[in-house]
Amino acid sequence: MRYGFVIDNRKCIGCHACTTACKSENEVPLGVFRTWVKYTEKGTFPNTRRYFNVTRCNHCDNAPCITVCPTKALYRRPDGIVDFDSSRCIGCKSCMQACPYDALYIDPFEHTAAKCNYCAHRVDVGLLPACVIVCPEKAIIAGDLDDPTSEIAHLVATQPVAVRKPEQGTQPKLFYIDADAAALTPEAQTRQDGYLWGEVRPDDRPKLAVTADGAADPAGEARIAYDVHHPKPWGGKVATYLWTKSIGSGAALIAAVLFLAGAVDNRATFQIAAPLIAVLFILATSVLLVADLKRPERFWYLLLKPNPRSWLVWGGYILGVFGAVAFLWLVAAAAGLDTAMKVLMALAIPLALASAGYTALLFGQAEGRDFWQSHLLLPQLIAQAIVAGSAALLLFGVALGASDHELRVVAVALAVGVVLFAVLLLAELRGAHGNAHVARTVKLLTAGPYRPVLLFGVWLLGVVAPLILVAATVLMGPVIVTAAFAASAALAGLWFYERIWVSAGQDVPLS
């Protein structure tokens, strides 16, 4: 049994009865939607046409929201309905990033995620979903796709149907009959400053993100006359979490590698300060992650109700183990247990790499955001950890009396990280883009509102300035001054990068 929907656009009149019935039946608050009707217009008067598209959860057979949910709050029932248990939700918003259809939202009263659940409470007693029974034109057909005698199975088998974003591989079970391709493709649509009955809700999405590509719709520009959207789920806390995690993991990584290789020896910097930086910044990372939850009091569900397929869960475990090893390293160093300290340093290296890099797998599960699916993300995160860790050690080395030779060694590590970061960033921005969504996001960074920050905050402050200052540190000096400025510039540039990377990745609309 696999319940699904068919939207017959030959019959839909855009009356919004389905929207109001859904709100009434499920007590959906104002400002958020489980189902809504998008109006798309094409052509020039008098040769114009309006298309209606009923939008909601697609109840995918391969639902990425289920995979990424860290507490199994989202699950698939035996009948194929993707349902939601709000009592398990911690409000991490990762499901909103994973859904390519913008179908989930945060309930403003419960502070948990929510979405269309096919009116499962009605289905369980033999009733159809509320949107189906209220539709005056019978444009919404619900039923079992696996039952060849059902109306929905007959329509899917005999009519040309389309689904939204089939390339995502989610196997959606929301089918459209007679749907306009541009009306189903956000990148082919231009969003106006106002709709039929009012102004667009203000948000921080730049104009370039909501303007159709020139060649996106050869049949004529598709203009959005009415739609809804949900705000960007992740903001400054997530960007700062990436930054603090890079510092914590990178400091332990660089110190352990250089010390075990015999390149440095200053006890205060590389035996004491390095694990202390790791512990403090991994703790800060954990605090930021918990603070970003809509239900932070439930953070412990990650331990007691975990979904082993979610990298949010595995990331929590990795950070916990890494923080514990760094703390033991600090204790061993303070107690003068050199052999134990070296063993813990060796253990810290793979754990630091895992702490820096697991986010690539977590963002990879955010399948709604194609820009974050880059195969370059893992090496980028490692490069960022090298940059941030080296910069932090330089600052502490200056303060704690590391020798000029040791500062130069760490400065070279910083330069290597900066060069690696710059090369990977160039490859990301100038290389081939997988689809229009990624190309639009890159354009926002390189030619849109993020361009000044990218040029001056990232390239100039975060790449060019540190490399010049490292060269001065290695070749001339004064070592203390140039090393400190190189480290400060690199950390600032990396923070700017995290902010625009997280923000731009969410700007292009999903619906």
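1. The side chain of His 59 comes to 3.1 Å from the backbone nitrogen of Val 82, a polar contact in the sense of a pair of N or O atoms within 3.5 Å, where within protein one must be able to donate a hydrogen and the other to accept it, and where residues adjacent in sequence count only if both atoms are side-chain atoms. This is a predicted model, in which local features need pLDDT of at least 70 and side-chain atom pairs count only at pLDDT 80 or more, while totals for chains, interfaces and linings use all residues. Side-chain values use heavy atoms, with hydrogens and water left out, and residues are numbered from 1 along each chain as its sequence is written.

2. His 59 lies in the loop between strand S3 (47-56) and helix H2 (64-68), these being DSSP runs (helices H or I, at least four residues; strands E, at least two) numbered from the N terminus. His 59 has a relative accessible area of 1% and is therefore buried (under 20%, with exposed over 50% and partly exposed in between; 1.4 Å probe, protein chains only). Its contacts (heavy atoms within 4.5 Å) beyond four places in sequence include Phe 5, Lys 115, Asn 117 and Lys 173.

3. On confidence, pLDDT (the predictor's confidence in each residue, from 0 to 100) averages 92 over the protein, but stays under 50 over residues 215-219.
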